[in-house]
Amino acid sequence: MDDDLQQKLATAVWIARSLFDRGRTTGSTANFSFKHKGKIYVTASGTCFGSLTVASFVNAAEEDVQLSGLSPSKELPLHKILFAKSDSIQAVIHTHSFYSTLWSCLTHENTADIVPAYTPYLRMKVGTIGLIPYAKPGSQELFDAFAARVNLSDGYLLQNHGLAVGGNSLMDAFFAAEELEESVKLAWHLRNEAASMIQRH
């Protein structure tokens, strides 16, 4: 294993553990991938971000999966769609973080841009956030819906499901996921505060 790959794997493990330890993901509900020398490395099916190790990532190439005995996440096609969108995308994170999932359950008028940019950082770290119509996780229907809308926005909320973001490095993808979750948390509380003010008046 070359030093660069070893460093990427170590960074990926740190990110995953950080997300898990702070309640951004639970159980085995998240997946993570990155590119190295043209190959995609992705978390294995059924892995937990809280106990991830470098051995939890598999090369998505079929022959390497067979050799390792591990299966890639069933949502690998979603990651591949994001990688195909732009060569600048080098890492992808998908989580079921609480506020992102909550916000994805609401009705939104403009499905290409569903998160208000109350601070400048959402646009700086991610961009516009689109809503992907609901389909069963890991299904071809979900992947088709994602592919149909991937060019309409910069980051994504999968309806009744969670977030998916890419970045030009592992840390950039991490920052994007963090900023999206914080932005929808802020939007949720401001929405509720506005509703409370209307009721009081």
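Me: Which residue in β7 is the bridge partner of H94?

Reply: Happy to start there! In this predicted model, H94 has A164 as its bridge partner in β7. As a general idea, strands of a sheet pair through backbone hydrogen bonds, either parallel or antiparallel. Here, β4 (residues 91-95) and β7 (residues 162-167) run antiparallel and are joined by 5 bridges.

Me: Where do β4 and β7 sit in the order of the sheet?

Reply: Follow the order β3-β2-β1-β4-β7-β6-β5 across this open sheet of 7 strands, whose pairing is mixed. The edges are taken by β3 (57-59) and β5 (129-132); each has a single partner strand, so one side of each lacks a neighbour in the sheet. On average, neighbouring strands are turned by 20 degrees against each other, direction ignored.

Me: Which strands does helix α1 lie across?

Reply: Helix α1 (residues 3-21) lies across β1, β2, β3 and β4, and runs at about 160 degrees to β1. Helix α6 (residues 140-149) lies across β5 and β6, at about 145 degrees to β5.

Me: Which residues touch the most other members of the largest nonpolar core?

Reply: The general idea first: in soluble globular proteins, nonpolar side chains tend to be buried together. In this structure, the largest nonpolar core has 37 residues, and F34, I93, W103, V115, L157 and L180 touch the most other members. Helix α7 gives the most to this core, with 9 residues. Apart from it lies another core of 22 residues, including V92, I132, L142 and Y156.

Me: What does V115 touch, leaving out residues up to four places away in sequence?

Reply: Among the residues V115 touches are W103, L122, I129, L157 and L180, along with R123 and S183.

Methods:
Residues numbered from 1 in each chain as written. Predicted model: local features only at pLDDT ≥ 70, side-chain atom pairs only at ≥ 80, totals over all residues. Heavy atoms only, no water. Pairing = 2+ DSSP bridges. Helix = DSSP H or I, 4+ residues; strand = E, 2+ residues; numbered from the N terminus. Axes fitted to C-alpha atoms, helices over the stretch in contact; angles between N-to-C directions. Contact = heavy atoms within 4.5 Å. Core = buried A, V, L, I, M, F, W, Y, C linked by side-chain atoms within 4.5 Å. Buried < 20%, exposed > 50% of the residue type's maximum accessible area, 1.4 Å probe, protein only.
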